[in-house]
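Let's take a friendly walk through this model together.

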Amino acid sequence: MNETYVVPLFLGATMLAVLMLLFVMGVLFVQKNKQNKFKRKVLEARVEEQEKTLNEISRNLHDDVAQLLSHIQMNLNHLDSLNIKETKSALVSATDFLREAMMDVRHMSHTLNSDWLRSRGLISAITDDIEHINATNQVHCAIVLEGEEYRMKHELELPIFRITQEVINNMFKHSKASKFVARLDYRPDSFAISFTDNGKGFDASISSRDLGVGLGNMQDRAKLIGATLEIISTPKRGCRISLMLPITKELIEPDYDD
């Protein structure tokens, strides 16, 4: 080959190789930057979650367990003034309250522990929450599964489960609903979960921040994992809350990755 063309070809090939190397480095840098931002958001969410967990424990202990223990104390304090038949009835009532308190403490210890969610999985954890509500005989709750289940990364399942807990807690304490359905839809390219109740509803056109901290936290968690959260509700017409998360291969646990 003529030496006249060798040098330009060599320089051209070198520049092309350098450009390709810079392109690869740029892609890696962008990907690494995204991973760092995601990790930072996860860390921030964990700090916020710890504070929320402490507040949740405080509220549950005050509203549920403390009230049950107070009933037990009152029953026991009056035993000395009751006859045998009344004493037996009071003891049965105190035993029932104690059993319910123990169930509440056990449920709190499980659902507030993220390792418990990791070992059980999202469906089992949500099912446990729903069964806990059904045990009160105040609301009929059901869970519906669609598609073939897969386990997502724990960093995704944990915020989804916390959102679920917030929805169930709000429904049980505020909506006055008699029916509640959680529907999980597993698709190859997306995961969706929706919650529907027939409660008193509210004006969903109001900002979630104005409606309460809980709804704002739900929106924050959804944004953190790249999901969209939709709230549809009107007064006296119940409520529907839906979360949709795009799924890629990297977001599925290896054991569930074909």
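**Salt bridges and core**

Arg151 and Glu157 form a salt bridge, their closest N and O atoms lying 3.1 Å apart; the term means a side-chain nitrogen of Lys or Arg within 4 Å of a carboxyl oxygen of Asp or Glu. Both Arg151 and Glu157 are buried (under 20% relative accessible area, with exposed over 50% and partly exposed in between, for a 1.4 Å probe and protein chains only). This is a predicted model, in which local features need pLDDT of at least 70 and side-chain atom pairs count only at pLDDT 80 or more, while totals for chains, interfaces and linings use all residues. Residues are numbered from 1 along each chain as its sequence is written, and side-chain values use heavy atoms, leaving out hydrogens and water.

The structure holds 3 salt bridges. Another one joins Glu146 and Arg183 at 2.9 Å, N to O. Glu146 sits in strand S1 (residues 140-147) and Arg183 in strand S2, so this pair ties together parts 37 residues apart in sequence (strands are DSSP E runs of at least two residues, helices H or I runs of at least four, numbered from the N terminus). Asp185 also pairs with Arg187, at 2.9 Å between the closest N and O atoms. Asp185 is buried at 14% relative accessibility, whereas Arg187 is partly exposed at 46%.

Asp185 also touches Phe191 (contact means heavy atoms within 4.5 Å). Phe191 is among the residues touching the most other members of the largest nonpolar core, which has 42 residues; such a core is a set of buried Ala, Val, Leu, Ile, Met, Phe, Trp, Tyr and Cys residues joined through side-chain atoms within 4.5 Å. Helix H5 gives the largest share of this core, 8 residues.

Conventions. Lists of a residue's contacts leave out its neighbours within four places in sequence.
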